[in-house]
Amino acid sequence: MRKKIELFKITLVFAAVWVIFNPVLCLAGGNLLCDAGFDESEPNGGFSESGCWFQNIGDSGIGGYAPFAARSGINGLFLYTGFATDQGQTKLYQELPCAAGRRYFASAWVKPGWDGFLWLTGSRSYVKVEFLDCDRTILAQYASKAVETIDSGWMLLYFATYPAPVRTCFVRFSLILEKPDLVGLTFASFDDCILREIECTDCIRFNEVPSCGNDDLLKGSVIGINPADYKIGIYIFVDDWWPKPMFAVPWTDINPDGSWQCDISWAESDLRATEIMAFLVPVNEIANWPVDFSNPVGLSALPGEAFRFPSAGSFRPSCFDSIPFAGFNWLIKDSGTRPVDPGGNIFNHNNVWVDDDGMHLKVTKVGDSWHCAEVFMEKSLGGGTYRFVVDNNTPLLDPTIVLGLFTWDKFAPHYTNREMDIEISRWNNPFADNAQYVIQPADAGRIHRFNVDPCDKDITHILEWGFGVAGFESFYGTTLPPDETTLIDSWVYAGNDVPRPGNENVRINLWLNGEAPTDGNEVEVIIKDFEVTPCFYEVSPAVLDFDSVLVSKPKTKPVTIANSNHCIPYIVVVGITGPDANNFHVADRAFSLEPGSSKNIDVTFIPDTNRVFEAALEITSAIGAVSVPLKGRGSRITYTRIPAMGSPGFLEGLVSGVNLPDYRVVSYIFVFDTWYIKPLCVSGSRSINPLVQISSDGLWRCNIDLEWTDKAATDVASFLIPKNAVYPPCVLSSLDDSRMSQYDRVSVKRPKLSISGIRAKASNSAGDEIVIDGWYFIAMNEVFSAQRLLMTIQQADKVIWTQAFDFNPGKFMSQDGFNCTKNGASVKFDNQWMLLNSYAGKFRLSLKNAELTCLCSPITLSVGLGGFDESAIADEELDPYIINAKQVIPINFLAGCTDALRIDKLTFKRDSISIKGAMVFKGDPPDLTIEDVGIGWDSDTFNVPAGSFVRTSRSRPKYRCKKVVTPKGVVDAFFDFRADLFSIKISKAKLDAPSQIVAFNITMAGFSEGVSVKTGN
């Protein structure tokens, strides 16, 4: 095998041109060929009247259209070679643009000879597909098996290509007729050609296959297609192939979500079906399906034409007898009393057994019939090195006996069943060599014959299956490497028609080639050992850590599987296991991996709570299983306050589920079709850090109103990023920017109206007043479309008040805003600025004679503009011009509430702090004495000593501070309990961390309150 190893090295140079391929196909669109049925030209006319088909330059044959050569339609095509010995081929073709990575299904119907014309022995007709570069150099080519005998009749030739290599510019579809190097003509007919692009590799799959004897439903799914355009044709094998559910109902519908199911067990015999096949067929192709359902008889084989459609196949291992040998479980073929392939033999499970000598396969005579033996693996082993050790009697087998050591994919006839053979047989000729290596189809150049002589040693046969190359070797004994005295023969076949792994399995059989043994004796072979050295692969990372992921938001990361071998491993992704398996998802099922390539297995994590999650991704192949631990944390970043358009203020939120000191919040606003970071990257000559710290309780606060255009921002977005992450960009064109899309985020549209304060006199009696202050933002088209103004105050589910006003757009757009009064309620809109045909500013709603209860629960203020009927005040009947419908504003610190202290405004200047707020109580405030006031940030707090405040009025409880000097500055404070207001100013303040939490508390005789607020920057 030295020559083989060198060839492997050569082959590796081309490994990069292939992409991952899976055997299950989906076909995109229709036939790509023009005049594929040869009906667009006149019968017996000049060649290629349709302008679609061309004769290859240098070919000597000719073709024409003839109605009596047609398989279907009006015309068919007949070809013939030249007469001379050097005129041995005729090729007709079509050429189409192509790109690397594309794959195709090709087929045509072929009939040797034409209207009684001669067929030279040794002639061949077949179909070929070639991938060409821009200079028309052939980069890769694929061919169907060849028709070689005159009595073949019409035959369907079909195959699928592997992906087009890099540098591909064209794909060429050819019909080829060849004759041997003889004088004379050879004729062949062609019709109904197809070239379709393969769209995907896993369009149809089985999800649940009922075990043997189980009458559960067969369940599956499809992807990448519109379910309404397709149906599923399902067949089971019980001595023959039978449609399911039944002949009268041969098609299964696909659900809108791509799932499908079928009852495959209508008869008692169905429970022992050994094989299942499903085809994905377009609805408009059903009329052309090559099965006659009106004739309810089983099919000995599924028609080859069916395999031009996407398909999925499966054995039911539990329906077979099985036997353990050499560390693997082998299924035993049993055909009952029915002759089947290969050789039209009966296969008997009693002809296989295992003992200390190995696995025995035997050909026996039962009555007047001869019975053969075959075993096969449950699963694919993929590429690698296969070693078979057989007893030393194999060279002496009867000429009619065949011992096969081979790979076979029953469900992929369009890939010549992925068959590669080591066969010991004289094929009924006692004088022929008794062994061969084969890459199917067994045409010239794909078969290597040799002889194995009798010896007193066991014989080892090796198949080394690599990428684009298969190496064979046979030698006496079991010692590796063989030397010149033990080596029998070796052979290397290289080419892109070497099969790629799929659903094939290793098989061993002992059978008769159409005749009984010449000596009439039974035959036995012992397989002494079997071993596989599969392709290994690397998996990274060793642990897939998603870090933090926003709750209920999916995040996807890859696990990479890389192949640095010369062979092709077949890998199955088993799925997710572990305590939190339901929160991790993987879509890939099985695939083969080309040498030098890698594949990403996308794992998606969706946390449902803010906690830590753990699971594992299980990957298996012939090597064994690899487990990749999966970790992740569910995190939350939410908004607790969103300033309305037009209003100043801080964007506020909450983070949970992460280690808070390790993270920061970065916010953006959407203005004029662009996202801008906030606060700012640079303000004038001063840089501002946009990374907002998160407090120990998860709160964060960001100033989004630093420039006059900020008020017009329509949307806000905030990202949760690690503090040591790459510095975020100042401007984004999209939130899906690759630099930021990896981080958790929350985004929302800004409301057009907000409430900044509510004041109320609440004594549970008529004559009280509610004053609501807030900010508004109204577009010009909303203003001009409005005729009426509707305002509604609602507390929980109770409408406290609703009122409609006449609306005057002209007055509204004046510099002074707009005022209106009705039924004891007054509304004032005070325009502060105009920007791009929009208006923003303050509003005040004053409602007198209100019947108030405690207003501690959230208040909803709805403001509607439009030409509505004054009586139509129900929410669902409002005009669509709504500034802020059902914006629930939690109003705290109101009369009668537990929290009786609020900060309305907190301002930082270079060396001073100003704090303004309110103290509110139910009813008249008590005559209290201030004992202590504390102000600070984080744990660094300073107090205004007790006794520093003096009462300034006896009729109204007002207090003023005596300008106390503290370690942080000079404090000047004023409290007016009757008016519910206070004001504190600290001048000459030492401000070292103004972006942290500022805490404020006040203690009075018998009463104390406190509030904390994050200042922002």
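Analyst: The following account begins with the salt bridges and then turns to the aromatic rings and the surface.

The model is predicted, and side-chain atom pairs count only at pLDDT 80 or more. A search of the whole structure gives 30 salt bridges, and a few of them can be followed in detail. In one of these, the side chains of D192 and R71 come together at 2.8 Å, N to O. The two partners belong to distant parts of the chain, with D192 in strand β11 (residues 187–200) and R71 in the loop between β3 (62–66) and β4, 121 residues apart. D192 counts as buried because its relative accessible area is 19%, and the cut-off for buried is under 20%. R71, by contrast, is partly exposed, with a relative accessible area of 34%.

Strand β11 also holds E197, whose partner R102 lies in the loop between β5 and β6 (103–112), 95 residues apart from E197, so that this pair too links distant parts of the chain. The closest N and O atoms of the salt bridge between E197 and R102 are 3.8 Å apart, and a salt bridge is counted within 4 Å. E197 is partly exposed at a relative accessible area of 23%, and R102 is likewise partly exposed, with 33% relative accessibility.

A further salt bridge joins the side chains of K410 and E275, at 3.4 Å, N to O. Here K410 sits in the loop between β26 (401–408) and β27 (420–424), while E275 belongs to strand β17 (residues 275–282), and the two, 135 residues apart, again link distant parts of the chain. K410 is partly exposed at 30% relative accessibility, whereas E275 is buried at 6%. Beyond such pairs, a network of salt bridges links R124, E148, E178, D443 and R446.

The aromatic rings come next. The count of aromatic pairs comes to 45. One of them is formed by F131 and Y142, whose ring centres are 6.2 Å apart with 80° between the planes, an arrangement classed as edge-to-face. F131 lies in strand β7 (residues 124–132) and Y142 in strand β8 (residues 138–143), 11 residues apart. F131 is buried, with a relative accessible area of 0%, and Y142 is buried as well, with 5%. Elsewhere, ring pairs join Y235, W251, F279, W289, F293, F307 and F309 into a cluster.

A nonpolar patch on the surface is formed by F83, V183 and L185, which together have about 270 Å² of accessible area; its member F83 is found in the loop between β4 (76–80) and β5 (89–97).

E769, in strand β54 (residues 768–779), and N849 are 80 residues apart in sequence, yet their C-alpha atoms are 5.9 Å apart in space. E769 counts as partly exposed, at 23% relative accessibility.

Technical notes: Residues are numbered from 1 along each chain as its sequence is written. This is a predicted model: local features need pLDDT of at least 70, side-chain atom pairs count only at pLDDT 80 or more; totals for chains, interfaces and linings use all residues. Side-chain values use heavy atoms; hydrogens and water are left out. Patches are made of residues with over 30% relative accessible area and no salt bridge: like charges are joined within 9 Å, nonpolar side chains (Val, Leu, Ile, Met, Phe, Trp, Tyr) within 5 Å. Accessible areas come from the Shrake-Rupley method with a 1.4 Å probe; for residues, only the protein chains shown count as cover. Helices (H or I, at least four residues) and strands (E, at least two) are DSSP runs, numbered from the N terminus. Buried means under 20% relative accessible area, exposed over 50%, partly exposed in between (1.4 Å probe, protein chains only). Rings of Phe, Tyr and Trp (its six-membered ring) pair if their centres lie within 6.5 Å; planes under 30 degrees apart count as stacked, over 60 as edge-to-face and the rest as tilted.
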